[in-house]
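Me: I would like to learn how to read strands and sheets in a model. Could you take me through one?

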Amino acid sequence: MDFDTVVMKFGGSSVADPAKIQHVARRLVEAKQRGLRVVGTVSAMGKTTDGLIDLAHQVSPTPNAREFDMLLSTGERIACALVAMAIHDLGQVAISLTGSQAGILTDGAHMKAKIREIRGDRVKDALDEDKIVLVAGFQGFSRDTMDVTTLGRGGTDATAVALAAALGAACEIYSDVPGVFTADPRIVPNARKLPTISYEEMLEMSASGAKVLMLRAVELARNHGVRIHARSTFSDEEGTWVQEGASMEQPIVSAVTHSENDVVFTLSDIPDRPGVAALIFDVVGSAHVNVDTIIQNVVHGNAEMSFSVPAEDVPATQGALESTRAELGAFTVEENHDLGKVSLIGAGMRSHPGVAAKMFRTLADHGINLQMISTSPIKISCMIARSEIPNAVRELHAAFELENEPFNEA
Ligand code: ADP
Ligand code: ASP
Ligand code: MG
């Protein structure tokens with residue numbers, strides 16, 4: 001399908017300094033000169049967001065959520081305004097808009113707000129006036145609280161997809177890597193760029209740590225049928241198409257992913273009776289914590305439960321667990337911050353048993369101990385020592401021969 005409008009998203013490393021901002025401005029202007037209506041959305045420059053988070057924690061150990069979002073949303077505004085200035089110098093007219101000015105309406109969950117609706121009139125009007133429109137990524141506005149919200153780490157990807165869906169536009173996500181690879185190319189130098197990948201596999205990849213595309217952005221893309229073209233800011237080469245249906249290649253395993261951001265909670269001496277797990281995960285879920293792997297064991301009438309959460313959700317998890325003590329009594333809580341997760345993703349796994357055995361064997365052959373395992377029909381994840389992650393990713397990539405183009409039976 002041919003689009004007359006394109007949403008082009010540039011990540012933090014693509015706008016890290018003034019020269020890169022000018023480069024991004026040139027790419028947006030080139031698209032305009034090809035006759036397209038152009039919406040740019042950019043992340044904060046370089047590691048600005050990390051710096052702001054650090055600053056907040058230096059001022060306050062538990063920053064107020066509303067003010068945290070006020071602070072974090074500034075990073076993207078700075079980058080947007082700078083790109084708009086650079087575009088003016090190239091002789092085109094540009095306008096930068098905050099998330100709320102662009103009509104990005106979210107729920108009220110600070111730091112992980114969900115986009116509910118985009119009122120795109122202001123963006124459309126500016127496009128009709130022949131302007132290049134810059135929308136500050138990663139942020140929106142809650143109509144319930146009338147406050148600025150942010151969408152979670154990597155959230156500009158979600159801004160881009162939501163804008164593309166609302167405007168009926170093509171969606172191009174530009175980054176410092178030329179697409180989605182069979183593993184993080186920073187860890188596996190011979191990782192291979194995938195020409196296409198299905199939403200289903202990309203969802204599992206993003207959920208298990210491949211930060212090249214934010215999970216929520218892939219969910220939005222699938223729900224709204226937006227094809228994402230993930231590609232490089234610094235070259236014109238074709239990237240990876242994230243789209244409906246089977247990948248062009250049909251390998252059993254498509255990619256290895258990893259995450260070094262998980263913390264495992266182990267609860268001991270919790271009562272062994274119906275409703276306990278429901279209560280715990282009700283409370284943890286209400287605190288907006290994304291729980292991943294869960295294991296429960298019963299030993300001598302007492303249950304032990306372990307589950308992993310992203311590091312940023314640790315304080316919320318601690319608070320939620322404490323609030324169950326009135327009902328559950330004196331259980332103990334341990335936290336393990338030394339684990340990471342390595343996962344194999346592949347739609348072909350569904351019909352090919354034996355992948356898990358080969359994965360466990362490969363890890364064992366390299367002396368890597370498994371702490372927890374979780375599976376879905378197209379994913380196997382193992383929690384292992386965090387220090388072993390790079391090694392595990394490389395060995396699994398080699399064992400499943402992901403550097404080679406797969407042999408297609410069809
Ligand atoms: P941006 O700042 O453009 O949003 P990110 O840092 O969020 O970029 O995502 C790009 C990074 O994702 C790459 O630099 C790469 O190290 C990492 N990455 C992890 N897994 C993959 C993968 N399978 N394919 C490509 N990149 C990956
Ligand atoms: N700047 C935000 C972050 O670092 C959002 C983004 O990069 O998309 O998470
Ligand atoms: Mg990103």
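Reply: Gladly. This is a predicted model, in which local features need pLDDT of at least 70, side-chain atom pairs count only at pLDDT 80 or more, and totals for chains, interfaces and linings use all residues. Residues are numbered from 1 along each chain as its sequence is written, chains are lettered from A and ligands numbered from 1 in the order in which they are written, and side-chain values use heavy atoms, leaving out hydrogens and water.

Me: In what order do the eight strands of the open sheet come?

Reply: Strands of a sheet pair through backbone hydrogen bonds, either parallel or antiparallel. Here the order is β3-β6-β2-β1-β9-β11-β12-β10, with mixed pairing (strands are DSSP runs of E, at least two residues, and helices of H or I, at least four, numbered from the N terminus; a pair needs at least two DSSP bridges). β3 (94–97) and β10 (196–198) each have a single partner strand, so one side of each lacks a neighbour in the sheet.

Me: How do β1 and β9 run?

Reply: They are parallel, joined by five bridges, and Val-6 stands opposite Ala-170 in β9.

Me: What do β19 and β20 form?

Reply: A hairpin, with two residues between them. Their pairing is antiparallel, over five bridges, and Ile-373 has Cys-382 in β20 as its bridge partner. β20 also runs antiparallel to β18 (residues 339–345), through seven bridges.

Me: Is Asp-147 buried or exposed?

Reply: Buried means under 20% relative accessible area, exposed over 50%, and partly exposed in between (1.4 Å probe, protein chains only). Asp-147 has 12%, so Asp-147 is buried. Asp-147 lies in strand β8.
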